[in-house]
Amino acid sequence: MSVLILAIAIILAVLSLTQKNTVPSVISFVMMMFLLGIYYITMDEKLLGLFQIFVYTGGIVVLTLFGVTVIGAKFPKYEIRPWAYAVVTIVVIGMIIVPFLLPIIPYEGKAIPLKDQVKIFTDFYAEIAIFMSVVAASVLYGSIRMLHTLKHGKE
Amino acid sequence: MVHFYIDAIAAIILFAVGLYGVTSKSDFLKILFSLEMLLNAVILLLASAAFNFGFTHGLAIAYVIIVIATLEAAAGVLIFILAYRITGKIIPDNLNKAVDDE
């Protein structure tokens, strides 16, 4: 599994440098960083993995796309293929969910003892809760800012 | 231990790809991506060392590297937007000459 993730990440890295169009190159880069984040999570470095995903796919890539939009790059037009999008979405969501379910798998069919419940929560879910609250706060701030701009115009 | 070797090989390949991009690409954006790849190869190696040998100090260095990478990306995007405004291209070659002509 780890070899597969790393191999795909390296292929995506090469693709992001060899693509001629800017936007597919950025998307390859995003996927590479996302896979590396998933790999850190499976390696039990959960905080580092979440940092990787939030900082690279959330921060740097959005910044890059913003830059690309400012300089006026043309976004390629793709054919609409709903089934392909559905399959890709399911695969990506599955990849996100697997590391979340890994701590619970040893207890399958058994009740989780309270002590272990606390351990699982403090190991992983508390960190996710903190990050999700940061993300939610950013989204809230962005929404309020956007509403303010729409109401009062650009200052 | 085998796990560490796999990670180390992957990190070396990623570093090589990044180095190739930095030295041979002429597009600002791809140079920026290559720099990020170089930093990520180092982070991968540090995370693997922390996982396999308990080298947890490496994780602290990895977090610092991520912060530096963010700042570097912000500065890089700013530079390539300014370069585009001045020269009309996102190619860093002869940028100083274009600025002098301006």
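**Figure 1. The salt bridge count over all chains comes to one.** A salt bridge is taken as a side-chain nitrogen of Lys or Arg within 4 Å of a carboxyl oxygen of Asp or Glu. The model is predicted: local features need pLDDT of at least 70, side-chain atom pairs count only at pLDDT 80 or more, and totals for chains, interfaces and linings use all residues. Residues are numbered from 1 along each chain as its sequence is written, chains are lettered from A and ligands numbered from 1 in the order in which they are written, and side-chain values use heavy atoms, with hydrogens and water left out. A:K46 forms a salt bridge with A:D44, and the closest N and O atoms are 3.1 Å apart. A:K46 counts as buried because its relative accessibility is 16%; buried means under 20% relative accessible area, exposed over 50%, and partly exposed in between, with a 1.4 Å probe and protein chains only. A:D44 lies in the loop between helix 2 (22–42) and helix 3 (46–70) of chain A. The phi of A:D44 is near 75°, a positive value in a residue other than glycine.

**Figure 2. Chain A contains five helices and zero strands.** Helices (H or I, at least four residues) and strands (E, at least two) are DSSP runs, numbered from the N terminus. The order of elements in chain A, from the N terminus on, is α-α-α-α-α. Chain A has 155 residues, of which 30% count as buried. Among the contacts in chain A with a separation of 6 or more, 52% come from residues 24 or more positions apart; contact means heavy atoms within 4.5 Å.

**Figure 3. Helix 1 of chain A has its buried residues on one face.** The buried residues of this helix are A:S2, A:I5, A:L6, A:A9, A:I10, A:L12, A:A13, A:S16 and A:L17. Seen down the axis of helix 1 of chain A, they fall within an arc of 160°, so they line one face; the arc is that of the directions from the helix axis to the C-beta atoms. The exposed residues A:L4 and A:I11 sit on the face turned away from the buried side. Helix 1 of chain A (residues 2–18) has 17 residues, which should span 24 Å at 1.5 Å a residue, and its end C-alpha atoms are 24 Å apart, in agreement. The expected span is 1.5 Å times one less than the number of residues.

**Figure 4. A:Y39 touches residues of chain A and chain B.** A:Y39 is found in helix 2 of chain A. With a relative accessible area of 1%, A:Y39 is buried. Not counting residues up to four places away in sequence, A:Y39 touches A:S2, A:I5, A:L6, B:H3, B:D7 and B:L44. The side chains of A:Y39 and B:D7 make a polar contact at 2.3 Å. A polar contact is a pair of N or O atoms within 3.5 Å; within protein, one must be able to donate a hydrogen and the other to accept it, and residues adjacent in sequence count only if both atoms are side-chain atoms. A:Y39 and A:V3, 36 residues apart in sequence, have C-alpha atoms 9.8 Å apart.

**Figure 5. Chain B and chain A bury about 3,100 Å² between them.** Carbon and sulfur atoms hold 78% of this area; buried area is the accessible area (1.4 Å probe) that two parts lose on being put together, summed over both. In chain B, B:F33, B:Y63 and B:I66 lose the most area to chain A, together 19% of what that side buries. In contact are 36 residues of chain B and 36 residues of chain A. Across the interface there are seven residue pairs in polar contact, both at pLDDT 80 or more, and zero salt bridges. Helix 1 (2–24), helix 2 (28–53) and helix 3 of chain B each supply at least two residues of the side that touches chain A. Helix 2 of chain B gives the most to that side, with 13 residues.

**Figure 6. B:S48 is in helix 2 of chain B.** B:S48 is buried, with a relative accessible area of 0%. Leaving aside neighbours within four places in sequence, B:S48 is in contact with A:M43, B:F4 and B:D7.

**Figure 7. Helix 3 of chain B covers residues 57–87 and includes B:I68.** The 31 residues of this helix should span 45 Å at 1.5 Å a residue; the end C-alpha atoms are 44 Å apart, which agrees. Its buried residues include B:G58, B:L59, B:A62, B:I65 and B:I66. B:I68 counts as partly exposed, at 48% relative accessibility. Just after helix 3 of chain B, B:G88 takes a positive phi of about 80°.
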